[in-house]
Amino acid sequence: MSTLSVGSTGANSPITVSGLASGLDTSTIISALLAAEREPITRLTTQQEKLQSQQQQIQGIQTSLQQLEFAVSEFGLPGLFETAQTVTSSEPLRVSATTSSGAGVGGYEVEVKQLANSAQRTYAFTAPAAEDTVTIDGRGYTLKAGASAKELATKINSDSNATVYAAVLGSGELVLSNRATGATESEFIKVSDPGGALTEKAGTAKEGKNAEFSVDGVAGTSTSNTVTNAIAGVTLNLAGLTSTGPVTIDVQAPAVSVSSVEAKVQAFVTLYNSTVEAIQKQLTTKPPTAGASASATGSLFGDPDLSSLLSRMRQTMYEPIAGLAAEMSSPYDIGLGTGAATGGTSSQAAIEGQLKLEPTKLAGALQTNPEGVKLMLRHWSQGLQSTIRAAAEPGGTLDARVTGDGTEITELKTRITTMNEMLAVRQKALVATYAALEGVISKNSAQSSWLVGQTEQLNKSGL
């Protein structure tokens with residue numbers, strides 16, 4: 001009698017039916033039947049993968065557009081066009097300048113004859129044999145026996161109420177200098193040291209000095225090298241003597257910061273171009289040709305929603321804004337466009353709608369018509385934000401597609417799971433059916449063999 005064994009497997013696992021009495025390859029037959037019934041599941045799985053990829057791509061574009069919308073909104077902020085005064089120096093390493101408010105416009109000639117410095121005294125240091133207290137301008141510092149000059153300097157410099165700073169020279173000497181610059185009286189940096197740790201070096205005392213300068217020939221002094229009362233609304237920082245001639249300080253009239261606006265526009269251009277490039281890549285990536293392996297590549301090729309969005313975004317860059325003066329009615333009027341054609345042909349970037357900024361044209365517009373630039377950018381940014389919101393914000397076209405794809409993906413997942421479960425049941429049924437068939441054949445074969453044997457025995461016995 002032949003032996004029959006049936007291996008129980010899952011829907012996608014190999015099927016094993018061994019010791020077949022019929023001589024048929026039952027495993028191959030069952031696999032072929034299941035493979036045919038698995039085709040719909042394969043098609044649904046491919047469809048699910050494509051939808052998942054499409055959803056991810058749309059979500060990526062949606063995120064980029066939301067970031068772009070935020071960048072555009074900043075053109076409507078009033079602070080971007082606040083006026084401020086600028087001041088320049090012909091020799092900033094000698095005399096630099098900054099403005100506060102209401103500075104007098106014009107050029108000023110500044111000469112520096114002397115810089116402000118602090119008073120100093122230098123002392124030889126001897127480690128105290130016993131505990132010692134050094135008093136400097138009424139502040140006491142206790143030293144333990146054997147203390148070093150560095151320890152004393154550390155105590156002085158860490159005291160927020162001290163009147164001096166302390167520095168230890170390579171020779172071990174201690175230099176005390178007033179924390180404030182400016183002219184001092186004959187008595188300065190008063191030191192009392194009963195223990196004798198400090199011994200002043202003769203001839204090294206230096207009185208503090210005021211800065212001496214002149215502005216347009218009018219002499220002035222200052223206890224600090226930071227001068228706030230020489231030019232109205234301007235702070236001068238004196239760093240060197242003007243031995244080669246006066247330094248020119250030029251104070252400009254209040255104006256919009258060209259550099260700030262340019263930086264903001266350039267940041268927008270960079271983000272706009274990266275967004276357009278990402279959308280263009282999806283629109284121009286073709287799906288695989290027939291016969292190629294299943295792939296989600298090209299799921300947004302020629303997508304009408306994305307194509308329409310790009311078209312509307314480009315229109316906002318060139319369409320004159322209703323109600324504005326013709327000379328300042330679109331971003332093109334401040335040097336924002338796709339760039340001029342080269343050799344009679346447009347660049348690929350221009351064809352794709354990527355932007356380029358002409359800083360000179362922007363600067364000129366801000367200098368001649370700052371209010372016009374401000375008004376144009378405000379209205380234009382509102383229009384572009386509206387276009388982006390209609391696509392990328394909750395309830396927009398792209399958001400609706402992401403939601404719709406998600407719903408369809410969930411439905412497909414449920415269908416695939418159900419079909420796999422049914423296929424598993426089908427597999428078990430086929431295996432059981434063929435196993436039963438083989439059992440019957442095996443039994444019949446055994447009975448036939450027994451009958452043949454009995455017949456042969458009868459023949460031999462002569463019955």
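The model is predicted, so local features need pLDDT of at least 70 and side-chain atom pairs count only at pLDDT 80 or more, while totals for chains, interfaces and linings use all residues. Residues are numbered from 1 along each chain as its sequence is written, and side-chain values use heavy atoms, with hydrogens and water left out.

I start with the helices. Helices (H or I, at least four residues) and strands (E, at least two) are DSSP runs, numbered from the N terminus. Helix α1, residues 26-73, packs against helix α3, residues 258-284, at an angle of about 160°, and the axes are 10 Å apart. Axes here are lines fitted to C-alpha atoms, for helices over the stretch in contact, and angles run from 0 to 180 degrees between N-to-C directions. The pair is therefore roughly antiparallel, a term for angles over 145 degrees.

Which residues of α1 and α3 make the contact? From α1 they are Gln57, Ile61, Ser64, Leu65, Gln67, Leu68, Ala71 and Val72, and from α3 Phe268, Leu271, Tyr272, Thr275, Ile279 and Gln282. Contact means heavy atoms within 4.5 Å. By class, the contact has 9 nonpolar residues, 5 polar and no charged. Ala, Val, Leu, Ile, Met, Phe, Trp, Tyr, Cys and Pro count as nonpolar, Asp, Glu, Lys and Arg as charged, and the others, Gly among them, as polar.

Next, Thr83, in strand β3, residues 83-84. With 52% relative accessibility, Thr83 counts as exposed. The cut-offs are under 20% relative accessible area for buried, over 50% for exposed, and partly exposed in between, with a 1.4 Å probe and protein chains only. Beyond its neighbours within four places in sequence, Thr83 contacts Pro254, Ala255 and Val256. Its C-alpha atom is 9.8 Å from that of Pro370, 287 residues apart along the chain.

Last, the backbone. Most residues other than glycine have a negative phi. Ile189, not a glycine, has a positive phi of about 50°. It sits in the loop between β11 (174-178) and β12 (191-192). Is Ile189 buried or exposed? At 4% relative accessibility, Ile189 is buried.

Asp216 also has a positive phi, about 55°, and lies in the loop between β14 (211-215) and β15 (218-222). Its relative accessibility is 46%, so Asp216 is partly exposed. β14 and β15 pair in the antiparallel sense over 5 bridges; pairing requires at least two bridges found by DSSP. Ala211 has Ser222 of β15 as its bridge partner. This hairpin has 2 residues between the strands.

Terms used
Parallel < 35°, antiparallel > 145°, perpendicular 65-115°, else oblique.
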